[in-house]
Amino acid sequence: MRANPKVLAAIAAAGLTVCSGVLYDFLGRWEGKSEYVVYADKLAGGLPTVCRGLTHHVTDTPIVVGQRWTPEKCRAEEEAAIALVQTQLFPCFVETPPQWVFDAASSHAWNFGAGRTCASAAMRAWKAGDWVLGCRRLRFGDDGRDVWVFAGGNRMPGLVNRRDAERLMCEGRQ
């Protein structure tokens, strides 16, 4: 899986940074910076995961539980995978988003896939030019209920905390 070079060029032309330092650090905070041994992610139903949340959904590189990766391999694979996710996500925006919105949307897509982020209520708000409402919708539905914080039907405090942090990043307050 490779990022589309034409979309990468469009992202750069729009003045956005692919795999910004803010996004990379954010993913490290929530996905783990030093997970160099592939583990079965319990929240993801045992999905083999390594580094900052790398799975087979974002890389063609085999990810086998118990396998040890080097920090260099993690960094290279992470950057390529983040670029892939961002090239899938960018065309969903009608207007160029602020960097912090793009980073928050990218973090959301890292967890749920670009397709689900593109189809989300947050993206509908962003397409309408309402950055603040889109950011709010990363955490709450329009009725005030929790969204994007459930795994296996259960409300997960770690996901609540991550969505809260994502919203702050999205609003440029992190």
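The legends below describe close-up views of a predicted model.

View 1. Helix α3 runs from residue 71 to residue 89. With 19 residues at 1.5 Å a residue, α3 should span 27 Å, and the 26 Å between its end C-alpha atoms agrees with that expectation. Its buried residues are Cys74, Glu77, Glu78, Ala81, Ile82, Ala83, Leu84, Val85, Gln86, Thr87 and Leu89. The cover over these buried residues includes α1 (5-13), α2 (21-31), α4 (99-112), α5 (114-118) and α6 (121-127).

**View 2. The crossing of α1 and α3.** The axes of these two helices, α1 and α3, come within 9 Å and cross at roughly 80°. Because angles of 65 to 115 degrees count as roughly perpendicular, α1 and α3 are assigned to that class. On the α1 side the contact is made by Val7, Leu8 and Ile11, and on the α3 side by Ala83, Gln86 and Thr87. By residue type, this contact of α1 with α3 comprises four nonpolar, two polar and no charged residues.

**View 3. The packing of α3 against α4.** Here the axes of α3 and α4 are 10 Å apart and the packing angle is about 105°. The pair α3 and α4 is therefore roughly perpendicular. From α3, the residues Glu78, Ala81, Ile82, Val85, Gln86 and Leu89 meet Phe102, Asp103, Ala105, Ser106, Ala109 and Trp110 of α4. The residues of this contact of α3 with α4 divide into eight nonpolar, two polar and two charged.

**View 4. The largest nonpolar core and Trp110.** The largest nonpolar core has 40 residues, and those with the most contacts inside it are Leu54, Trp69, Leu89, Phe93, Trp110 and Trp126. At least two residues of this core are supplied by each of α1, α2, α3, α4, α5, α6, α7 (131-136) and α8 (157-170). Helix α4 gives the largest share, six residues. In soluble globular proteins, nonpolar side chains tend to be buried together. Neighbours within four places in sequence aside, Trp110 is in contact with Leu27, Glu31, Arg52, Gly53, Leu54, Val58, Glu78, Ala81, Ile82, Val85 and Arg162. Among these partners of Trp110, the residues Glu78, Ala81, Ile82 and Val85 belong to the α3 side of the contact with α4.

View 5. Most residues other than glycine have a negative phi. Cys19, which is not a glycine, has a positive phi of about 55°. This residue, Cys19, is placed in the loop between α1 and α2. With a relative accessible area of 15%, Cys19 is buried, because buried means under 20%. For Cys51, also a residue other than glycine, phi is positive and near 60°. Cys51 lies in the loop between β2 and α3. The relative accessible area of Cys51 is 0%, and Cys51 is thus buried.

**View 6. Thr55 in the loop between β2 and α3.** Thr55 lies in the loop that joins β2 (47-49) and α3 (71-89). With a relative accessible area of 10%, Thr55 is buried.

How values were computed
Residues are numbered from 1 along each chain as its sequence is written. This is a predicted model: local features need pLDDT of at least 70, side-chain atom pairs count only at pLDDT 80 or more; totals for chains, interfaces and linings use all residues. Side-chain values use heavy atoms; hydrogens and water are left out. Helices (H or I, at least four residues) and strands (E, at least two) are DSSP runs, numbered from the N terminus. Buried means under 20% relative accessible area, exposed over 50%, partly exposed in between (1.4 Å probe, protein chains only). The expected span of a helix is 1.5 Å times one less than its number of residues. Contact means heavy atoms within 4.5 Å. Axes are lines fitted to C-alpha atoms, for helices over the stretch in contact, and angles run from 0 to 180 degrees between N-to-C directions. Angles under 35 degrees count as roughly parallel, over 145 as roughly antiparallel, 65 to 115 as roughly perpendicular and the rest as oblique. Ala, Val, Leu, Ile, Met, Phe, Trp, Tyr, Cys and Pro count as nonpolar, Asp, Glu, Lys and Arg as charged, and the others, Gly among them, as polar. A nonpolar core is a set of buried Ala, Val, Leu, Ile, Met, Phe, Trp, Tyr and Cys residues joined through side-chain atoms within 4.5 Å.
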